[in-house]
Amino acid sequence: MKSIQAEFDKDSKKITIKDDAGQEDWAAVCEKFNDDVSRICDVTDKEDYTGLFECFDDENRSFFYLVRENKDLYRMKHKHFRDNLGLK
């Protein structure tokens, strides 16, 4: 799955792609943030992207990413859920 870092204004709900951002693999982004990610909303006005996610670093600073979601995301979520339950 592909992703790109974005900026999100919570008041106006405006989403823009950061000027210096490049595409990144979503699984690598999740690993970089220790899977501390949560889905914010659907995205319909950005071509190639379907969802906005918020990621938190070790200092609890938030970063936003636009993500092109597909069936691999469901599998990734399910695997982490099972791992957290101890059902590897």
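I looked up E54 first. E54 counts as buried, at 8% relative accessibility. Buried means under 20% relative accessible area, exposed over 50%, and partly exposed in between, with a 1.4 Å probe and protein chains only.

The model is predicted: local features need pLDDT of at least 70, side-chain atom pairs count only at pLDDT 80 or more, and totals for chains, interfaces and linings use all residues. Residues are numbered from 1 along each chain as its sequence is written, and side-chain values use heavy atoms, with hydrogens and water left out.

**Salt bridges**

Next I asked which side chain meets E54 in a salt bridge. K10 does, at 3.7 Å from N to O. K10 lies in the loop between β1 (2–9) and β2 (14–17), and E54 in strand β5 (residues 51–56), so the pair ties together parts that are 44 residues apart in sequence. A salt bridge here is a side-chain nitrogen of Lys or Arg within 4 Å of a carboxyl oxygen of Asp or Glu. I noted 7 salt bridges by this rule.

I then turned to R39. The closest N and O atoms of R39 and E69 are 2.8 Å apart, and the two form a salt bridge. E69 sits in the loop between β6 (62–67) and α2 (71–84) and R39 in strand β4 (residues 37–42), so this pair joins parts that are 30 residues apart in sequence. R39 is partly exposed, at 34% relative accessibility. Salt bridges link R39, D42 and E69 in a network.

R61 and E59 came next. They form a salt bridge with closest N and O atoms 3.1 Å apart. R61 is partly exposed at 48%, whereas E59 is exposed at 57%.

**Strands β1 and β2**

I checked how β1 and β2 pair. They run antiparallel over 4 bridges. Two strands pair if DSSP finds at least two bridges between them. Strands are DSSP runs of E, at least two residues, and helices are runs of H or I, at least four, numbered from the N terminus. F8 has I15 in β2 as its bridge partner. The two strands form a hairpin with 4 residues between them. K13 in the turn has a positive phi of about 65°.

**A charged patch**

Which residues form the negative surface patch? I found E31, D35, D36 and D58. Patch residues have over 30% relative accessible area and no salt bridge, and like charges are joined within 9 Å. D35 lies in the loop between α1 (26–32) and β4. D35 is partly exposed, at 38%.

Methods: Patches are made of residues with over 30% relative accessible area and no salt bridge: like charges are joined within 9 Å, nonpolar side chains (Val, Leu, Ile, Met, Phe, Trp, Tyr) within 5 Å. Accessible areas come from the Shrake-Rupley method with a 1.4 Å probe; for residues, only the protein chains shown count as cover. Lys and Arg count as positive and Asp and Glu as negative; His and the chain ends are not counted. The place of a charge is taken as NZ of Lys, CZ of Arg, CG of Asp or CD of Glu.
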